[in-house]
Amino acid sequence: MQVNTTGTTRPIGPEAEVALLRAAQEALANVAKHAEASRVGLTLSYLDNEVALDVRDDGKGFHPDANGHHSTGGFGLVAMRQRMESLSGTLQIESEPGYGTTISARVPVLAEATA
Amino acid sequence: MKPIRLLIADDHPVVRDGLNGMFAADPGFEVAGEAADGAEAVRLAAALNPDVILMDLRMPGMDGVTAITELSRRKIPARVLVRTTYDTDSYVLPAIEAGATGYLLKDAPRAELLRAVRAAADGHAVLAPSVATRLMSRVRAPEPELLSQREFEVLELVAAGTTSREAAARLFISEATVKTHLLHIYAKLGVSDRAAAVAEAFNRGLLTPGKAPPTPGKD
């Protein structure tokens, strides 16, 4: 498990913090439960006008666009996505069988909020 | 004091005559020879061993910058003072990189030209004020913080021919975030695709040829 931040860290507001924290917890729980991964990386990227949380594992992956519980959010992804979207953010899932899974949760942060 | 020996390289005979007359009138200078193109300038510089070469940039056959490069390559010790009509980056930087000691514009008054030749003979850099201004702004232009560390890592991977997907795997982040970094890089460099971003990064000296891309943490 490795944790990185990139960009200049800055306050992003309590709602965004909670949403990203929950997303991180959910994503890590999914990795633990399903991925059979040997490595998981959590990267918090402070960008100009948004913050992105990427959780990537090198586990078994899945077909993200396949029908079934994966895409409909059997992993709690629906709740995660709703939380992101309620903050005008997004949740993206990148996965492929054999090549691990990455979730990218991002919330907009106004540039003016930076200093 | 020994006069400063000059070689005048210019493809216009009238210009050579004018310069010749100007320097001949001053006992501090001696015109050792005249060349009508870059190749002749290199040949005469080797034969006559002048102190200073007044070099036009635009000449038929071998141009001034090529001649300066050739003089440096042959380790000919003469100082080269470029005289040109142009003060744009595309002429100034290559001439200076090739080894020119100074860069004057052709409209420089007589006194300034003589002073410049003396300074060049002593090995001092001589720059026309407008050229100096250009160089300074050029030096200041690439702000050290133009790209973030992560953007720089992405750019290096792209320069090494890595796809967004591969870059994401190397950095162990999502492809979506790699693409976001790329968009920010494009915006900062004023380009719209990865090839142009790489070219612009090399132009600005952000990337240097031959530099190895960051090694993957694990694969």
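**Exercise 1. Decide how strand β2 of chain B sits in the predicted model, and explain why it counts as largely enclosed.**

Solution. Start with the numbering: residues are counted from 1 along each chain as its sequence is written, while chains are lettered from A and ligands numbered from 1 in the order in which they are written. This is a predicted model, in which local features need pLDDT of at least 70 and side-chain atom pairs count only at pLDDT 80 or more, whereas totals for chains, interfaces and linings use all residues.

Helices (H or I, at least four residues) and strands (E, at least two) are DSSP runs numbered from the N terminus. A residue is buried if 20 or more other C-beta atoms lie within 10 Å of its own, exposed if 12 or fewer, and partly exposed in between, with C-beta atoms placed from the backbone.

Now apply them: strand β2 (residues 29–35) of chain B has seven residues, of which five are buried, so the strand is largely enclosed by the rest of the structure.

Then look at its partner. Two strands pair if DSSP finds at least two bridges between them, and β1(B) and β2(B), which run parallel, are joined by six bridges. Within this pair, B:I4 stands opposite B:F29 of β2(B).

Finally, β1(B), helix α1 (residues 13–24) of chain B and β2(B) together make a right-handed β-α-β unit; right-handed says that, with the strands pointing away from the viewer, the path from the first strand over the helix to the second runs clockwise.

**Exercise 2. Find which residues of helix α2 of chain B are buried, and what they pack against.**

Solution. In helix α2 (residues 38–48) of chain B, the buried residues are B:G38, B:A41, B:V42, B:L44 and B:A45. An α-helix has 3.6 residues a turn, so residues three or four places apart point the same way. The buried residues of α2(B) pack against β1, β2, β3 (52–56) and α3 (64–73) of chain B. Just after α2(B), B:N49 takes a positive phi of about 50°.

**Exercise 3. Describe the largest nonpolar core and the surroundings of B:I53.**

Solution. A nonpolar core is a set of buried Ala, Val, Leu, Ile, Met, Phe, Trp, Tyr and Cys residues joined through C-beta atoms within 7 Å. The largest has 42 residues, and those with the most contacts inside it are B:L6, B:L7, B:I53 and B:L81. Strand β1 (residues 4–9) of chain B gives this core its largest share, five residues.

For B:I53, use the rule that two residues are in contact if their C-beta atoms, placed from the backbone, lie within 7 Å. Leaving aside neighbours within four places in sequence, B:I53 is in contact with B:L7, B:A9, B:A41, B:A45, B:A78, B:V80 and B:L81. A second, separate core has 24 residues, including A:A16, A:A35, A:A52 and A:M84.

**Exercise 4. Work out the strand order in the sheet of chain A, and say which helices pack on its strands.**

Solution. Chain A has three helices and five strands, which follow the pattern β-α-β-β-α-α-β-β along the sequence. The five strands form an open sheet with mixed pairing, in the order β1-β2-β3-β5-β4. At the edges stand β1 (2–6) and β4 (90–95) of chain A, each with a single partner strand, so one side of each is left without a neighbour in the sheet. From one strand to the next, the twist averages 15°.

Take one pair as an example: strand β2 (residues 40–46) and strand β3 (residues 50–57) of chain A pair in the antiparallel sense over seven bridges, and A:G41 has A:R56 in β3(A) as its bridge partner.

For the helices, axes are lines fitted to C-alpha atoms, for helices over the stretch in contact, and angles run from 0 to 180 degrees between N-to-C directions. Helix α1 (residues 14–35) of chain A packs on the sheet, touching β2, β3 and β5 (101–108) of chain A, and its direction makes about 10° with that of β3(A). Helix α3 (residues 77–86) of chain A lies across β4 and β5 of chain A, running at about 140° to β4(A).

**Exercise 5. Determine how many residues each chain gives to the contact between chains A and B, and which elements of chain B take part.**

Solution. Chain B gives twelve residues and chain A gives 15 residues. On the side of chain B that touches chain A, the elements giving two or more residues are α7 (149–159) and α9 (175–189) of chain B, and α9(B) gives the most, with five residues.
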